[in-house]
Amino acid sequence: MWQATCFEKNFRLYAQRVNLKSFFELTSNIFRLLPSHDRYRLLALSLINLFLSVLDLIGVAALGVLTSVAVQGSRSQDPGNRTAAVLRALGLDGLEFAQQILFLATLSMIVFILKIGLSAFILRRTVQFLAYRAVNAGLTAMEKILTSTWSIRGKMSSQELAYAVNTATNYGVIGVLGGLAKLSADLVLIVVMIVSLLFVDFATAAITVLVFGLVSLVLNKRMRKRARSLGEEYFKHTISLNQVTLGTFLSAREIWVRSTADYFLGLVKTQRVHLARIDSEQIFLGMINKYVFEITLIVLSFFVCFIQLSAESPARAAATITIFLASIFRIGPAALSFQQTLVQLQTYFAKIKLSISFIGSLPSKAFFDSTPENLTSDKFEACIELKDVDFTYTEDANFNLRNINLRVEPGEFVAIVGPSGSGKSTLMDIMLGLITPLRGTSLISNLDSKVCIKKHPGKIGFVPQEASIIEGTVRENILLGLQSHSVETLVSTLKMVEIHEFIETLPKGLDEFLGEGGQGLSGGQKQRLSLARALVTDPQIVFLDEATNSLDAETEAAISESLGSLKHRKTLVVIAHRLSTIVNADKIIFMDKGKIESIGQFEELKKLSPKFAAFAALQSL
Ligand SMILES: Nc1ncnc2c1ncn2[C@@H]1O[C@H](COP(=O)(O)OP(=O)(O)O)[C@@H](O)[C@H]1O
Ligand SMILES: [Mg+2]
């Protein structure tokens, strides 16, 4: 149990071989979460970083000339000497020996310090830039998810969605994009240094490339798979840990009564132990690179010194060795960081692949802007229409809605009834545009439901089967993001749903803070807040999905009466469990096993459909 649901569901997608193509896909998906001007800024920052490598080159070259001058002494002034030519080019040939040394030493020192300082500055700007862009990327992802239909969003658990918008976008922008920028800067530095080394001594440069290249290749080959599987496991166990922890707290009362806390602690422990192993392995994986590189550096330096000193003149050997050591002193850390970043990228890649490709697969928000012209009308008409609608949750599911046709006229009171699991909520979700039908259309006010809801906010009210209370005040819960409101509207709505008296007993009234899930409220009170939330915008169509279920008979009767007063002033679509609340409906839709079994007024329907008659008889109606 308690496994990351999507991970299991999409394992085949996940287990695909990670190749360059999928890496490009992922990177472009992350890029697409950034506005285009930010992409250019990131590119500019990376380019500046690349150019800074030139400073390293100057520093190392100055050191090379310095050693050459120092070792050769006055001979460096001789005509035809290579060093003399360089000194002349630098305009240093007129200076004395000590001045030349001082100048070259100071130059290399200043250049190195300048490079390090500028690098630090650019790094700070890049990190800062990426961190804030990650915020935007997360919000863009969240917006995409919120504007997608339930049929897409519903594929992921809420833990997976939270991971996708908060963790994966962070890892994607900071980890992957930042890693790529770092990788390219390191690579350019390495290439520049190697090329300069090539000019000084071909053999030394070749050996350096060969040794570092081989070490990197071997390390990469050995670590790539491990890094990826650690990333995948991290993703899976992080989500599972969150699911199991949250699930345990949500069922805390039942767990208490059953006294099975130990079992759930065991589940949490299993996930934590996995994550502990992953963490420690990840840290060690990074270290291995460091150890291997340090050893490589020591051995390589030894060999280069040995070969140079035994094969070349002392002066030339000293100059080459200095340049070699100076470059290796720059190449070494860059090569190590390159290698470490490469491993990190593999891990990040595995950590975010599924989430980012999910976000990438969501239709862009542009959907609403690209709606055909002929569908736009400004006047809101409180009618609903389903035309030839087919829907099924999964291909192999035995539940499906087939060929549903239905029209609800403005001001009509329509009830949907039927046994549990017959598809009532699904039908309502389709009307609301939460689910896109596989075939056919769902219209409100003669517009595609999704478009209509976007175009006419507040014209539609919806009360779901289970009231969801957010962490916030009573007022915030009712307004749910609405900005403008009057206290009078709030109070009259609260009176209509029979909860005003209760709110007045709260110490802070409308500003009383309600905890997560509305702890401290009864089921009925939550339901009434949910009703108030739906009615506060004075909607013209109200959808109620078994909204009065958890109310006591007396309150239900009172609310039904209030809702009854809305009859013919608003269009009402009501899924009802208790038939007594809908006997007066203009139209009752009786559903059975995904089909509209029959439609009619209460008494008429009882005569028309023996199934409905039997259903009504169960409630003594
Ligand atoms: N998200 C979902 N994924 C797969 N099947 C679902 C989902 N939601 C509901 N179902 C199935 O669809 C059928 C109809 O569900 P629903 O519309 O909620 O029924 P009702 O509201 O009439 O009780 C049920 O068999 C249910 O198991
Ligand atoms: Mg239902």
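The following legends describe close-up views of a predicted model.

**View 1. Packing of helices α9 and α13.** Helix α9 covers residues 158-200 and helix α13 covers residues 314-361. Two packed helices are described by the angle between their axes and by the distance separating those axes. For α9 and α13, the angle is about 155° and the axes are 7 Å apart. Because angles over 145 degrees count as roughly antiparallel, α9 and α13 are roughly antiparallel to each other. The crossing of α9 and α13 is left-handed. The contact of α9 with α13 is made up of 26 nonpolar, ten polar and four charged residues.

**View 2. The backbone at Leu480.** Most residues other than glycine have a negative phi. Leu480 is not a glycine, yet its phi is positive, at about 45°. This residue, Leu480, lies in the loop that runs between α16 (474-479) and α17 (487-496). Leu480 is partly exposed, since 14 other C-beta atoms lie within 10 Å.

**View 3. The backbone at His568.** His568, a residue other than glycine, has a positive phi near 70°. The loop between α20 (553-566) and β10 (571-575) contains His568. Is His568 buried, exposed or partly exposed? With 13 C-beta neighbours inside 10 Å, His568 counts as partly exposed.

Note on methods
Residues numbered from 1 in each chain as written. Chains lettered and ligands numbered in written order. Predicted model: local features only at pLDDT ≥ 70, side-chain atom pairs only at ≥ 80, totals over all residues. Helix = DSSP H or I, 4+ residues; strand = E, 2+ residues; numbered from the N terminus. Buried ≥ 20, exposed ≤ 12 C-beta atoms within 10 Å, placed from the backbone. Axes fitted to C-alpha atoms, helices over the stretch in contact; angles between N-to-C directions. Parallel < 35°, antiparallel > 145°, perpendicular 65-115°, else oblique. Left-handed = near helix turned anticlockwise from the far one by under 90°. Nonpolar A, V, L, I, M, F, W, Y, C, P; charged D, E, K, R; others polar.
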